[in-house]
Amino acid sequence: FTAWSSTSSLPTGKYYGSGAGEQDSTLVFAGLYDSTTLQNTSYEYNGSGWLAEGSINTGRRSTGGTGTATAALCVGGFPDPTGNKTEEYDGSSWTETGNLPRQGHGMGVFGIQTAAYACGGGTGPATTTVDVYNGSTWTSGTALSTARFAAQGGGTTSAGLLFGGDPGFGSGSTATESWDGSSWTTLANLNTGRTDFAGGGSQTAALRWAGRQSGPTDSVKTEQWNGTSWTEVGNYPTGTNAPQGSSGPATSTAATAAGGAAPGPVATANEFNQSINTITAAAWTSGGNVNTTRAQMASGGSNTAGWIAAGQTPPNAITTASEEYDGSTWTSGNAY
């Protein structure tokens with residue numbers, strides 16, 4: 001059973017930001033308050049409510065994010081020249097670190113704070129460019145198979161996943177690629193092409209939700225990745241694009257989503273959960289045989305401390321014999 005359920009709202013509506021963390025420890029940062037107002041605020045979800053945290057140094061939108069709620073990474077953004085900014089969060093404040101070698105917004109980011117990949121994005125047409133972060137500097141990485149903006153990713157620098165996005169002109173990509181530390185491999189496509197969605201997870205278990213399909217349609221669809229294929233699961237409560245959420249080590253069965261636009265900025269937040277109930281069929285197993293064959297006897301007790309007494313023995317005699325059971329064998333006792 002999979003479903004989204006509402007939780008405490010953000011202090012203010014916002015969209016086109018980034019997220020990091022997991023379901024009960026989620027950090028969202030950067031983005032827009034409205035169509036023009038850039039914001040640098042950060043809010044952290046603790047499983048019940050949102051708290052204001054340290055602001056990023058440069059307000060911007062269309063950033064990439066990954067990591068945890070206390071060790072997050074914010075990469076790139078718009079407008080230029082903020083697109084090469086890199087900031088790290090230590091649980092209380094943000095620090096600017098090594099700049100990207102390019103301007104870029106809408107990059108799909110995965111990994112941890114000190115070892116991450118920033119994929120695609122750009123300032124003009126969508127690119128296949130990949131940059132690799134080691135905690136202080138960026139270097140060039142192996143190019144993607146598919147150029148795109150606004151993809152999402154999950155996993156590590158040796159076992160990564162990148163999915164969806166916008167190959168250009170506002171259309172939605174269904175492409176999925178995995179990274180094994182040396183090369184990209186094309187995997188099964190998403191069911192619905194979307195851009196401006198949120199998601200995260202690992203190379204073998206990921207989740208993506210909401211977003212915008214081709215044209216102006218906001219999506220409610222949620223898809224779950226099992227390492228081989230994508231499956232549509234419980235719908236997001238409302239059609240929303242550009243939400244934020246637990247895009248770092250989020251799993252395919254638990255995530256927190258916040259904000260977005262529907263069509264203006266919203267402050268609502270929701271949690272995704274999957275529960276699995278396994279029912280094991282009851283079964284009989286053989287126990288120790290009684291010492292005297294009989295029918296229609298009296299009995300009582302439990303399966304580890306039982307008794308029988310009296311009854312009818314073949315062919316039609318009446319017995320007064322009794323027996324006691326200890327969970328494995330029967331022992332003759334006092335006569336009835």
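Which side chains meet in a salt bridge at 2.8 Å, N to O, when you select Arg-148? The partner is Glu-177. A salt bridge here is a side-chain nitrogen of Lys or Arg within 4 Å of a carboxyl oxygen of Asp or Glu.

Before going on, note that this is a predicted model, in which local features need pLDDT of at least 70 and side-chain atom pairs count only at pLDDT 80 or more, while totals for chains, interfaces and linings use all residues. Residues are numbered from 1 along each chain as its sequence is written, and side-chain values use heavy atoms, with hydrogens and water left out.

**Stop 1: Arg-148 and Glu-177**

Stay on the opening pair, Arg-148 and Glu-177, joined by a salt bridge. Arg-148 sits in the loop between β13 (138–140) and β14 (152–155) and Glu-177 in strand β16 (residues 176–179), so the contact ties together parts 29 residues apart in sequence. Strands (E, at least two residues) are DSSP runs, numbered from the N terminus. Both Arg-148 and Glu-177 are buried, a word that means under 20% relative accessible area, with exposed over 50% and partly exposed in between (1.4 Å probe, protein chains only).

**Stop 2: Arg-102 and Asp-131**

Select Arg-102 and Asp-131 next; their side chains form a salt bridge at 2.5 Å, N to O. This pair links distant parts of the chain: Arg-102 belongs to the loop between β9 (94–96) and β10 (108–112), and Asp-131 to strand β12 (residues 130–133), 29 residues apart. Arg-102 and Asp-131 are each buried.

**Stop 3: Asp-196 and Arg-212**

Move to Asp-196, whose side chain meets that of Arg-212 in a salt bridge (2.8 Å, N to O). Asp-196 is in the loop between β17 (184–186) and β18 (198–201), and Arg-212 is in the loop between β19 (206–209) and β20 (222–225), so the pair ties together parts 16 residues apart in sequence. Asp-196 is buried at 11% relative accessible area, and Arg-212 counts as buried at 19%.

Then select Arg-194, Arg-208 and Glu-223, which salt bridges with shared partners join into one network. The salt-bridge count comes to nine.

**Stop 4: the cysteines**

How many disulfides does a search of the whole structure find? The search finds zero, taking a disulfide as a pair of cysteine sulfur atoms within 2.5 Å. Select Cys-74: its nearest cysteine sulfur is that of Cys-119, 16 Å away. Cys-74 is buried, with 0% relative accessible area. Finish on Cys-119, which is likewise in no disulfide and is buried at 1% relative accessible area.

Methods:
Helix = DSSP H or I, 4+ residues; strand = E, 2+ residues; numbered from the N terminus.
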